[in-house]
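Student: I have just opened this structure and would like a friendly tour. Could we go through it together, one question at a time?

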Amino acid sequence: MGNEKILICDDSILARQQLKNIAKRCSSLPTFVEAANGQEAIDAYKLHRPQLVFMDIVMPVKDGVEAIREIRRFDPKAYIVVVSSVGTQTQLKNAILEGARDFVQKPYTFSAIAEILKGRFEGR
């Protein structure tokens, strides 16, 4: 792996940093784009066109489900993985219906994130 562009959207700075640290261990040259809410994620996606998006569900301004819907409307091939600890089954179901490819429960493990990165970037 190398040269990947990854968008990390979470209202928690700590959560974004943890995901970046794991991705750096799995990939030699990732480029990170960060967003703290769903609207920032939509704007960042349109500007940077990342190959992978890690998206929280519960956030201010726009939640992850709304952001997934708008990103997928802009790019139906967007590869979005929900990473969330909070949220009802309904929110998760809605995220999947809107086009999220996978779900990782917080607190996540290194291996769970590494598996997603491997599947996305080595399985091209």
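Student: Which residues of α5 are buried?

Tutor: Happy to start there, keeping in mind that this is a predicted model. A residue counts as buried when its relative accessible area is under 20%. In α5, the residues that qualify are I113, A114, I116, L117 and F121.

Student: Within what arc do the buried residues of α5 fall, seen down the axis?

Tutor: An α-helix has 3.6 residues a turn, so residues three or four places apart point the same way. The buried residues of α5 line one face of the helix, because seen down the axis they fall within an arc of 160 degrees.

Student: What do the buried residues of α5 pack against?

Tutor: Here contact means heavy atoms within 4.5 Å. One helix is among the partners of the buried residues of α5, namely α1 (13-26). The strands they pack against are β1 (5-9), β3 (52-55), β4 (80-84) and β5 (102-105).

Student: How far apart are the end C-alpha atoms of helix α5?

Tutor: Helix α5 covers residues 110-121, which makes 12 residues. At 1.5 Å a residue, the helix should span 16 Å. The model agrees, with the end C-alpha atoms 16 Å apart.

Student: Is D75 buried or exposed?

Tutor: First, its place: D75 sits in the loop between α3 (64-74) and β4. Its relative accessible area is 12%, and the cut-off for buried is under 20%. So D75 is buried.

Student: Which residue meets D75 in a salt bridge?

Tutor: Leaving aside neighbours within four places in sequence, D75 is in contact with Y45 and R49. A salt bridge takes a side-chain nitrogen of Lys or Arg within 4 Å of a carboxyl oxygen of Asp or Glu. At 3.8 Å, N to O, the partner of D75 is R49.

Student: Which residues do salt bridges that share partners join into one network?

Tutor: Let us build it up pair by pair. The side chains of D10 and K106 meet at 2.5 Å, N to O; D10 is in the loop between β1 and α1, and K106 is in the loop between β5 and α5, 96 residues apart. K106 also meets D56 in a salt bridge, at 3.8 Å, N to O. Through shared partners, the network joins D10, D56 and K106.

Student: How many disulfides does the structure hold?

Tutor: A disulfide is a covalent bond between the sulfur atoms of two cysteines. C9 is buried, at a relative accessible area of 2%, and C26 is buried too, at 17%. The number of disulfides in the structure is zero.

Key. Residues numbered from 1 in each chain as written. Predicted model: local features only at pLDDT ≥ 70, side-chain atom pairs only at ≥ 80, totals over all residues. Heavy atoms only, no water. Disulfide = S-S within 2.5 Å. Buried < 20%, exposed > 50% of the residue type's maximum accessible area, 1.4 Å probe, protein only. Helix = DSSP H or I, 4+ residues; strand = E, 2+ residues; numbered from the N terminus. Expected span 1.5 Å × (residues − 1). Arc of directions from axis to C-beta.
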